[in-house]
Amino acid sequence: MLKHSIKVITMILLAGLVVMSACKKDDDDDDDTPPVIVLDGIYVTGAATAFTGYNADAMMAVTRNEVTQEERASLYELYIPLKGGTDFNIVKVEGSVYTTYGPGADWGVVAEPTTDEPKDGVILRGAVSEANKAAFQVAADGMYHVVIDMDLMIGVVAHVHWGIIGAATPDGWGTSTVLDESAFNATTMSWEINDMELRGGDWKFRYSNGWKIELDTVGTDDVKVNTNFGGALDALVPGGDNMVNDAPGIYTIEFDYTLGSGYTATATKTGDLPLTNWDGVVCDAVGTGVSADNPNAIVPDPSGWAWGNKLLADNAGVPTVNGDVYTWTWTSMIIEANEGFKVRTENGEAPPVGGANFDAGYGNLDVNASSDKVIDLGGNLGVSEKGAFTITLVIDAANDDAKTITITEG
């Protein structure tokens with residue numbers, strides 16, 4: 001009986017060890033499952049996006065206030081593809097606290113964008129509200145610029161159609177040259193143009209023919225968001241400096257987007273430009289430095305620049321021609337002291353025949369051949385004393401349309 005009892009007890013103990021081992025194994029399995037970690041931040045999430053949860057690739061980032069061109073701690077943005085007619089949310093995550101924001105009472109389509117705001121895509125703007133948990137929607141599939149200012153509690157969702165603009169581009173600074181857009185994709189999209197003439201000069205990427213979107217201009221803060229990229233092709237910056245093309249030619253320009261990584265750009269030269277025929281191209285001088293005392297001054301500048309006054313070059317604005325060299329002259333132009341001006345194709349637009357849009361300033365000045373009264377006003381031309389000066393602009397078509405300005409007294 002004693003042996004039988006010991007056997008029974010032994011069996012019970014072994015059974016207990018098996019159960020404990022099984023329980024320990026289950027615990028180990030649970031420990032092997034990684035927890036879902038959501039980083040603190042502001043997310044765009046929902047069925048209209050690539051993610052229904054909280055993914056770091058769809059986290060908004062602090063961006064520049066266009067007014068100061070410095071980062072504003074409360075201003076966040078994200079470029080993200082959104083599916084039309086489908087819900088998405090803006091959610092702030094702080095530890096275990098999730099705050100969802102919905103459209104406020106004044107949220108809606110901007111019927112009349114300001115002069116500098118995008119014109120070729122729908123802009124939604126208004127208050128964002130924690131009290132309203134309703135979702136946001138856009139009407140059409142596409143790339144969108146989502147912006148929120150956490151101090152002002154104002155948001156923007158703008159449809160993005162990328163283009164390029166600048167003196168080096170076919171339409172100059174007057175309007176954007178549109179890039180061809182790829183099919184809609186929730187994580188990657190691209191824009192491209194082939195066989196485009198990119199001349200010497202500066203240029204930028206911008207979307208929907210606008211420079212900025214306003215969030216607040218009447219309150220204590222003056223807050224706007226950039227709708228353009230500059231800086232450098234391999235280091236794009238919202239609202240950054242103009243990029244400069246030093247190698248005129250025929251180009252393929254590609255602008256690519258990946259959710260989580262942002263934009264990258266390339267400009268590949270595929271051919272040379274033919275020599276430009278500048279014969280008959282009208283040029284003017286424009287700016288606050290162009291004195292209204294000039295007998296033929298056009299006051300004020302009627303072009304889209306709306307900057308000071310305008311004065312055509314001599315000879316009704318057209319150049320004299322010597323082979324491949326073209327010369328425009330402004331004889332005895334009266335220039336105001338310490339006020340800026342530039343010379344450009346008339347009204348800053350591409351000429352109807354020949355040439356290409358450009359504007360030229362201090363960077364094109366032949367300093368050694370010019371008066372020592374000529375000064376640099378942030379890239380614009382200027383003089384230290386009011387007076388009459390003769391200005392010549394020379395373009396050498398055989399030297400990649402190199403532009404040289406000389407300013408002498410009298």
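**Sheet, pockets and cavity**

Tutor: An open sheet of four strands runs in the order S24-S25-S30-S31, with antiparallel pairing. Strands S24 (320-322) and S31 (402-409) stand at the edges with a single partner strand each, so one side of each has no neighbour in the sheet. The twist from one strand to the next averages 25°. Strands are DSSP runs (E, at least two residues) numbered from the N terminus, and two strands pair if DSSP finds at least two bridges between them. This is a predicted model, in which local features need pLDDT of at least 70, side-chain atom pairs count only at pLDDT 80 or more, and totals for chains, interfaces and linings use all residues. Residues are numbered from 1 along each chain as its sequence is written, and side-chain values use heavy atoms, with hydrogens and water left out.

Student: Which residue in S25 is the bridge partner of Thr 320?

Tutor: S24 and strand S25 (residues 325-335) run antiparallel and are joined by three bridges. Within S25, the bridge partner of Thr 320 is Thr 327.

Student: Through how many residues does the hairpin join S17 to S18?

Tutor: Strand S17 (residues 228-232) pairs with S18 in the antiparallel sense over four bridges. In S18, Leu 236 is the bridge partner of Gly 231. The hairpin joins S17 to S18 through two residues.

Student: Which strand gives the most to the lining of the largest pocket?

Tutor: A pocket is an open set of points on a 1 Å grid over the protein atoms alone, with protein on both sides within 12 Å along at least five of seven lines, whereas a cavity is a set where a 1.4 Å probe fits but cannot get out; lining residues have an atom within 4 Å of a point. The largest pocket has a volume of about 840 Å³, a volume being the space filled by probe spheres set on points joined across faces, edges and corners. Of its 27 lining residues, those closest to the centre are Asp 116, Trp 173, Arg 206, Trp 211 and Trp 305. The strand that gives the most, with three residues, is S14 (residues 201-207).

Student: What is the volume of the second largest pocket?

Tutor: This pocket is lined by 20 residues, with Ala 61, Glu 77, Leu 78, Tyr 79 and Gly 262 nearest its centre. The volume of the second largest pocket is about 370 Å³.

Student: What is the volume of the largest cavity?

Tutor: The count comes to one cavity of 30 Å³ or more. Among the residues that line the largest cavity are Arg 199, Trp 278 and Asp 400. Its volume is about 70 Å³.

Key. Axes are lines fitted to C-alpha atoms, for helices over the stretch in contact, and angles run from 0 to 180 degrees between N-to-C directions.
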